[in-house]
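Let's take a walk through a protein together, with an eye on its aromatic rings. Have a look at the sequence and the model first.

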Amino acid sequence: MQEPRHRIRALHTGSTVTVYQAYAPHLGLPAARDGRFPAAWKRDRMTWIKPSFLWMMYRCGWGAKEGQETVLAVEITRAGFEWALGRSCLSHYEPGLHPDRAAWQRALKAAPARVQWDPERDPRLRPLPYRSLQLGLSGEAARRYADEWTVSITDVTALAHEIHALVRRDELDAAAKLLPEERPYPAGDELLGHLREPVAS
């Protein structure tokens, strides 16, 4: 069965969904230790969360990029995640979704969250033909994320390094067994209809 172009795949339970971020150790280590973001975490800045572990690995270079050496798995409430999705705007103008560019700009300015769909990645971090969700949180959404929605924060840097080592040794089956079990997230048109890019005919 062909994978749909736009689908959220995530590690999730009946009440939570896990997203990934990467930070410098001075932010990431205290967050994992205390299970909440420290006071130094800027709640007035845009923060991007990613349900795809491999897309996070692509973004942070398996935890090797400067300022992204600590990889965090952040378990948040599904209620919070869906609150953000329902109030999101696509980060770019799409003629098939928005009446005109000005209407999109107004919606983007008013939205506390924004969405990008970027190519999902395989274990070698090569792009796949379907998309992975990136959810940007600002203002009220960022504050709620840090102070209300977060259930737990786990340092998964060692896991990232272990999987990367297996991939580098071409042990892809062993690497796949260590990946988080990301399943389709139950989000229908009521949550994603205003966020799916039109498919070119």
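A residue is called buried when its relative accessible area is under 20%. Keep that cut-off in mind as we go through this model, which is predicted.

How many aromatic pairs are there? The count comes to 8 aromatic pairs. One of them joins F37 and Y145: the ring centres are 5.5 Å apart and the planes meet at 40°, so this pair is tilted. F37 belongs to the loop between α1 (25-34) and β3 (47-49), while Y145 is part of helix α5 (residues 140-149), so the pair ties together parts that are 108 residues apart in sequence. With a relative accessible area of 2%, F37 is buried, and Y145, at 0%, is buried too.

Now turn to F81 and Y185, an aromatic pair of the edge-to-face kind, with 5.3 Å from centre to centre and 85° between the planes. Where do these two residues lie? F81 is in helix α3 (residues 78-86) and Y185 is in the loop between β9 (183-184) and α8 (189-192), so parts that are 104 residues apart in sequence are tied together by the pair. F81 has a relative accessible area of 1%, so F81 counts as buried. Y185 is buried as well, with a value of 5%.

The charged end of R121 sits over the ring of Y58, 3.6 Å from the ring's centre. Likewise, R144 has its charged end over the ring of W83, 4.5 Å from the centre of that ring.

Definitions and conventions
Residues are numbered from 1 along each chain as its sequence is written. This is a predicted model: local features need pLDDT of at least 70, side-chain atom pairs count only at pLDDT 80 or more; totals for chains, interfaces and linings use all residues. Side-chain values use heavy atoms; hydrogens and water are left out. Rings of Phe, Tyr and Trp (its six-membered ring) pair if their centres lie within 6.5 Å; planes under 30 degrees apart count as stacked, over 60 as edge-to-face and the rest as tilted. Helices (H or I, at least four residues) and strands (E, at least two) are DSSP runs, numbered from the N terminus. Buried means under 20% relative accessible area, exposed over 50%, partly exposed in between (1.4 Å probe, protein chains only). A charge sits over a ring if NZ of Lys or CZ of Arg is within 6 Å of the ring centre and within 35 degrees of the ring normal.
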